[in-house]
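Thank you all for coming. I would like to take you through one structure this morning, slowly enough that anyone who has not seen it before can follow along on the screen.

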Amino acid sequence: MKCAIIGGGAAGFFSAVTLAQKNPDADISIYDSSKQFLRKVKISGGGRCNVTHSCFEPKELAQYYPRGEKELKGAFFTWQPRDTRDWFQSHGVPLKTEQDGRIFPVSNHSQSIIDCLHGQARKGGVKLYPGIGVKHLDFRNDQFVVEFSNGQSGIFDRVCMATGSMKSSTLRTSLEVLGHTIEPLAPSLFAFDITDERLKELAGISLENVSVGVKSKGKRQAGPILITHRGLSGPAILKLSAWEARQLNELDYQFEIELNWLGERTESDLQTLFARMRNQKGQQLVKTKLFEELPKRLWEKILSYVKIEGTLQWAQLPKKTEAHLIKELLSANFPVRGKTMNKEEFVTCGGVRLKEVNFKKMESRIIPHLYFCGECLDYDGITGGFNFQGAWTTGYVAGTAMAEKQV
Ligand SMILES: Cc1cc2nc3c(=O)[nH]c(=O)nc-3n(C[C@H](O)[C@H](O)[C@H](O)COP(=O)(O)OP(=O)(O)OC[C@H]3O[C@@H](n4cnc5c(N)ncnc54)[C@H](O)[C@@H]3O)c2cc1C
């Protein structure tokens, strides 16, 4: 049985290694247009590779995927982060779980993951073709005709598409001709480009729990935020960029966000607190830091923005200024004028339509023996190891299904 895996990233390698382990007779080849396999694994997680996340409940895990939740949930019952963790550990890569649930190799080097996957591929007799891309894919008489970038072609019984993002993919037309649909593609997991006097000179400041949403649209997100030289980043922003990826793309990244610097505090919480401050004996200055969770420089910046002088006491605070202060703390609007690159992790939302793929086997519902895994599919996760988990899971399911099918 001749099997071609198109793309030697996390998903392609994991499908090949699974297939080799489950069916030692299979003739498996991985083709990659790049000369270097597992390129993204290498740079992932700042070079440490955030392999997966310590979330072991398939139903809960699936909720970390803005697209693909329903389809992935089933697949997670077959292969989930616990399986990923056990697999790498039993294949010689000790892993550790960080406080926030992210799982990394103990070595802190993505190379450990790469060496492991290469080792298993070698052991399973998987043939590697670096620098050989696939230009065209056809299905004739129950077999695949694959045309390579070097002008040669090959006939295969099984093909697994593991090409990563479909953005500018050479195989888009082939897949469409075969009957598949590519859902609109858009970047996900990016930071927001904001130029605003309220953020000036605050780069480097981070807050633990900020709530943020696209103004009057969509779901709000909460979590840590980082003020950068170009605007805002951090987990809460990345989550928002993921959940609203399509909508923000349609808005051409020109939109307003509404931000609550104090996470879950409400207007009535602040009114009560400010009333107490007004009535306190031995009047305190407003500028004295009031909130544990708000860095001093940011508090001072907000006060200066709402024109509260350094010498003003709480009892002297005009009601109108208090209302302005509450607004700037709990629902400050910032204009976003573009997206900026998140160096830690980014992915593409969109890809092969999920309805056209049977997630029990990762097999096309249109073309028999054509399999899909990884980012070429229209699923994507938020940051934290979920995207690799998607690749391991879909790669495992595809590899297992390819192994089971005999010609
Ligand atoms: C900077 C960065 C850091 C990241 N860090 C993390 C992290 O720490 N944790 C996490 O969970 N996720 C992370 N991600 C996301 C993660 O890398 C992807 O979700 C994952 O790599 C997807 O795996 P894949 O195998 O589907 O695709 P890819 O890794 O993109 O692999 C696809 C492969 O297919 C090849 N290919 C494409 N077209 C063809 C063709 N026509 N013929 C032959 N070969 C082809 C490509 O050259 C590539 O090698 C990060 C992403 C980036 C960009």
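I will begin with the surroundings of the ligand, then go on to a helix pair, the strands, and finally a few single residues in loops.

Please keep in mind throughout that this is a predicted model. Let us start at the ligand, which has 36 residues around it, and of these the ones that come nearest are G7, G9, G45, G164 and G374. If you ask which elements give two or more residues to this shell, they are α1, at residues 10–22, β2, at 27–32, α2, at 39–47, and α13, at 386–404. The one that gives the most is α2, with five residues.

On the α1 side the residues are F13, A16 and V17, and they meet L117, Q120 and A121 of α6. By class, this contact has five nonpolar residues and one polar residue, with no charged residues.

Now to the strands, where I would like to show you an open sheet of three, ordered β7-β8-β9 and paired in the antiparallel sense. Because β7, at 134–140, and β9, at 153–156, stand at the edges and have a single partner strand each, one side of each is left without a neighbour in the sheet. From one strand to the next, the twist averages 20 degrees. Between β8, residues 143–148, and β9 there are four bridges, in antiparallel pairing, and E147 has S153 in β9 as its bridge partner.

Elsewhere, strand β11, residues 182–188, runs antiparallel to β19 and is joined to β19 by five bridges. Here the bridge partner of E183 is G351 in β19. Strand β19 itself, residues 347–352, is mostly covered, since five of its six residues are buried.

In general, most residues other than glycine have a negative phi. Against that background, L38 has a phi near 55 degrees, a positive value in a residue other than glycine, and you will find L38 in the loop between β2 and α2. C49, in the loop between α2 and β3, likewise has a positive phi, near 60 degrees.

Are these two residues buried or exposed? L38 has 23 C-beta neighbours inside 10 Å and therefore counts as buried, and C49, with 29 such neighbours, counts as buried too.

A315 is exposed, because it has 12 other C-beta atoms within 10 Å. Even so, A315 does have partners from elsewhere in the sequence, for once its neighbours within four places are left aside, it is in contact with R278 and Q283. M277 is 38 residues from A315 in sequence, and in space the two are 7.6 Å apart, C-alpha to C-alpha.

Terms used: Residues numbered from 1 in each chain as written. Predicted model: local features only at pLDDT ≥ 70, side-chain atom pairs only at ≥ 80, totals over all residues. Near = placed C-beta within 6 Å. Buried ≥ 20, exposed ≤ 12 C-beta atoms within 10 Å, placed from the backbone. Contact = placed C-beta atoms within 7 Å. Pairing = 2+ DSSP bridges. Axes fitted to C-alpha atoms, helices over the stretch in contact; angles between N-to-C directions. Nonpolar A, V, L, I, M, F, W, Y, C, P; charged D, E, K, R; others polar.
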